Amino acid sequence: MLRFFLLLLWFWAAGASSNFHRRNSTGLTDEVTWDPHSLSIQGQRIFILSAEIHPWRLPGNPDLWADLFQKVKSNGFNTVSFYVNWATHYPEPSTNDGNGDFEEGTYRDIQRFIDEAKKAGLWLIARPGPYISGFTLLSRMVWCLCYTSKDGETTGGGFPGWVGNIAGDLRTDNPNYTQGNLLLSLDPDTSVHSYYHRSAWTPYLNTISKIIAKNQITEGGPIILVQAENEFSAGTTRSPYMQMVIDTYRANGITIPIIHNDQHAGQAGNFSPDLPGTGRVNIYCGDSYPQGGSRWAQVQSIYFSAHENVAPNNPLCLAEFGGGFLLQWGSVTPFGGTGYEKFSNDLTNATYENVFYKENYAQTATILNIYMLFGGTNWGQTAAPVSYTSYDYGGGINENRVANSKMNEMRQQGLFLRVSRDLLGSTLLANGTNYTTNSLIHTAELRNLETGAGFYVTRHNDSTSLALTTTQLTVQTSRGESTIPQTTDLTFNGRESKIIVTDYVFGASTATILYSTAEIMTWTTIDDTDYVILYAPAGQTGETVFLSDEEPTVDLSDAPNASSTFSNGALMLNYTLEESHFVSIQINGKPITVILMDKAVANEWHAPVISAEGTFGNYFSVGTNETVLVSGPYVLRSAELTGDTLVLVGDLNGTTPVEFIAPSGISELTWNGASVELTPSSRGSLTGTLEASSLNITLPSLGDWKVMGSLPEVDNDFDDTTFTVADLTTTNYTNLPPVAGTQVLYLQQYGFYGGNLIFRGRFNATGDETGVNLTVQYGFGGGYSAFLNGVFLGSGQGNSTVSLSTDVWTFPDGALRTAEENFLVVVQDHMGISETSSNGGKEPRGIRGYSLIGGNTTFTSWTLQGNQGGAANTPDTFRGYLNEGGLYAERIGAHLPGFPDDSWDTGSPLDGTSKAGINFYRTTFDLPISGGLDVPVRLSITPSDVTSNFRVQIYLNGWQVGKYINNIGPQTVFVLPAGILRRKSTNTLALSLWSLDSRGASVAGLELISDGTFSTALQFTDYESPDYADQQDQRPTPTNSPAM
């Protein structure tokens, strides 16, 4: 009945020009407005197809942000959503007088990130938090079993380590968090701790709000939306804090709409503007990760009903929708690759995008952000305990910047969405299996009640089905009800979705497609001809009907598998989709070219934007509607019309034929600046060949290793006078208080927030001591080793669900020194700070409990050490305090290029250690890759037997780029980021090898491998980061410690 009523409403509306919904705005600007259907930018309805990318997860040279943005734009997206990571900008509350560290030319250069996005013609959604991670797995499963991932997955959830030291709850109106708090300060000369008063989040949020404000669309910038907090629930203490965040945005000049993403797949309505309460935003959004991590899932049909229940006056917004899924330590067996291949190659591949993303459109979503499109790398100490080095996420652009086959599917969808304005004003009339002659097929009917255009989103009712299914579809058109196709059947391969259009008006001719069973990829007008691309999987048939007042002329000479008939003002084309074929038609005296393609061929076609003048001249719809059509390139970064020349810039994965359609005045082509010989085709296009540079590259082998021991702290004679004295006896980690011992050994309280940690405890033995009881809190997948007077006691290890160890270590015979001072040394692997959402979620790192067994002896003192200088005084302010940890080799700078290792012994990680402990290895290699080539490189580690318990950290030119755990996995290949690799000078590769077993350990194999070789327009330069000589005077004088 509802569908019948809405259809009547459509027929009434077809003769009216009024809009059914008032446009909403913030009241501060009309540059970005919205109604229940969609967002509008400068008055134009725009489908927001967004790619999530995080600035800090591309370490090294920020020039490569442009590479990512160009790949995003060229593959159908028009927006990038990005977190700002508070922790990377504020190593201490007073950083840069409270203004934070946004150093130009680094991964912290947020202004550069914004500028590069605008150059690429991408809108931005800013998500500065302050918190940027998710809630627990359990809390999400309560709401929707499909939604079991977390987002952010960065240390502390983006909170700097010092925030956890605040008393009481975080992310609330707790005065200690919101208004100010006592923070710890260490005098470097006296090693005395003192406290001072400063607010927590407001300096950061004031600073980043001002950056956003000056780059919002009202100021000529690309930022159109800003998010407040992240996956956050309303509450008596939380809602006032949420309002404070919103008020801070507005006070600093942000006028664009504020959004919120609800972790409950859009069902809970937290902070919805359509529900009462404090902290309401302008536009409410949901998150969803429906696929899961183990098998293909059924699509979720909850978004539309949830939207209608909690935010009916907003467009349906999915601020995060799974482009992949999170993997944790040990979550994939067998070990190998990054682990994420199970997603990009299977569970969240292009087929997943085809089915699940179109289901979102079927439920009227018009703001869709794919999390992650490019995941990148958790380098240094930036990972949370729930994630490991690779944050590839199974995205469309892999961790090594390579656009994979998922991007072809997104380009097809994105090109359709940007030209199909009627979809953006459509209403969901009904859905079910009663639209088709075969009940195995599910259909959602969307109708623009103002224009009459219809969109039937079809798929298998069981979206996991692999069955080949044929059917016919009943549709409503301006000519009445029809069952289509009339001459054949609709074919659905397993896991295939189609958007079938009716009364679809396009082009300068305003021609009407009454219906088409082949999907529309895009349309454009070039000169006076309208071009429309129709596609389907190879071998399937299509039927498309055009309305015409008079019998059209039809040229099928290039389409031998097509036929046409005309009757009652309707031209019917029937065809089989194989390769590409052009059909030329004159409808009502206006030329139209229909390009028929099978889906594999459509994967090779692009419709790059031709920029116009003006502030937003390279933004489709707002600044320009001009495009050309190009087939061939692997990546098409840009297109420009200059005189009689089409100027194309992009990448090739081999010598490639090119075909393009451009204005009639274009007779020449350049590719990356080189002229291309062209031949006119019989179908009106120009063709040629794009020659790739020689793609044969031989990567160097790794040899000539040198080695030094990197755990001299186990020696009783080690001088630890520069270590921090553990003199605190109270803690604000009241949820996880110390379980034994008098001194608090929580590293956050001493200004160390990541990396390996060293503890040295002293006691005077009576001879009655028989062992020690230790409780060590390290985070999921972490571990530690303990030594008494240089003698190995044992190691404890966690896994993906165990974050601490409690162990009793018996002192071996002869290890205890009676009537002398004894030294207990603990080296701990810090796996990142937990994603803190409340006081109960705060988790310290360090030793939670320590006590001697036997007698009444207690420890007389403890000293501890993390990264050199701690967060506040790191010597490497360029790479940042999260780059390195507390290993001796790191503290002296042995991971840096130029470190003097002439006195080190020759030794390879393939030989390894002979006992428990840590060795540090260095080698160098040259990478003579010529200009015009992009060779994404990785380090491949051959796993040793899984019973061998060892850990490896990888350093490239001073940057820590990987952590490998042999017995936990799953990652065995590690990106050596192109923004860090040096082409014109020598690279320094270093490894720490930590054996947690008394028998020692070795790496089975090391090899440089690549993701392929690409001929590219990218220009690579050696990124100048500080070397050892630049920091030497801020680091301890190195001594050569014997290898273990």
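**Figure 1. Separation of domain 2 and domain 4 in the predicted model.** The C-alpha centres of domain 2 and domain 4 lie 52 Å apart. The domain assignment, whose bounds come from an automatic or database source, gives domain 1 (33–156 + 207–403), domain 2 (427–622), domain 3 (718–865) and domain 4 (883–1034). This is a predicted model, in which local features need pLDDT of at least 70 and side-chain atom pairs count only at pLDDT 80 or more, while totals for chains, interfaces and linings use all residues. Residues are numbered from 1 along each chain as its sequence is written, and side-chain values use heavy atoms, with hydrogens and water left out.

**Figure 2. The annotated segment at residues 422–605.** An unreviewed UniProt entry places the feature "domain: Beta-galactosidase" at residues 422–605; positions from UniProt are given in the numbering used here, the feature names are shortened, and the annotations may be inferred rather than shown by experiment. Over residues 422–605 the chain is 59% strand and 4% helix, where helices (H or I, at least four residues) and strands (E, at least two) are DSSP runs numbered from the N terminus. The end C-alpha atoms of residues 422–605 are 24 Å apart.

**Figure 3. Packing of helices α11 and α12.** Helix α11 (residues 350–362) and helix α12 (residues 406–419) pack with their axes 8 Å apart and at an angle of about 25 degrees; axes are lines fitted to C-alpha atoms, for helices over the stretch in contact, and angles run from 0 to 180 degrees between N-to-C directions. The two helices α11 and α12 are therefore roughly parallel to each other, given that angles under 35 degrees count as roughly parallel, over 145 as roughly antiparallel, 65 to 115 as roughly perpendicular and the rest as oblique. The crossing of α11 and α12 is right-handed, a crossing being right-handed if the near helix is turned clockwise from the far one by less than a right angle, and left-handed if anticlockwise. In contact, meaning heavy atoms within 4.5 Å, A350, E353, N354, Y357, K358 and Y361 in α11 meet K406, E409, M410, Q413 and L417 in α12.

Figure 4. The axes of α7 and helix α8 (residues 238–251) come within 9 Å and cross at roughly 45 degrees, which makes α7 oblique to α8. The crossing of α7 and α8 is also right-handed, with L205, N206 and S209 in α7 meeting V245, T248 and Y249 in α8.

**Figure 5. Backbone geometry in two loops.** Most residues other than glycine have a negative phi, and most peptide bonds are trans. In the loop between β12 (316–322) and α10 (341–347), which holds P334, the peptide bond from T333 to P334 is cis, with omega near -5 degrees. The peptide bond from Y371 to M372 is likewise cis, with omega near -10 degrees, and M372 lies in the loop between β13 (365–371) and α12. Y393, placed in the loop between β13 and α12, has a positive phi of about 65 degrees although it is not a glycine.

**Figure 6. An open sheet of 5 strands.** The strands follow the order β31-β32-β35-β39-β38 with antiparallel pairing, two strands being paired if DSSP finds at least two bridges between them. Because β31 (605–606) and β38 (679–680) stand at the edges, each with a single partner strand, one side of each is left without a neighbour in the sheet. Strand β32 (residues 629–631) pairs with strand β35 (residues 656–661) in the antiparallel sense over 3 bridges, and S631 stands opposite E659 in β35.

**Figure 7. An open sheet of 6 strands.** The order is β41-β50-β43-β48-β45-β46, and the pairing is antiparallel. At the edges, β41 (724–725) and β46 (791–797) each pair on one side only. Strand β43 (residues 757–764) and strand β50 (residues 861–865) run antiparallel and are joined by 5 bridges, with I758 standing opposite Q865 in β50.
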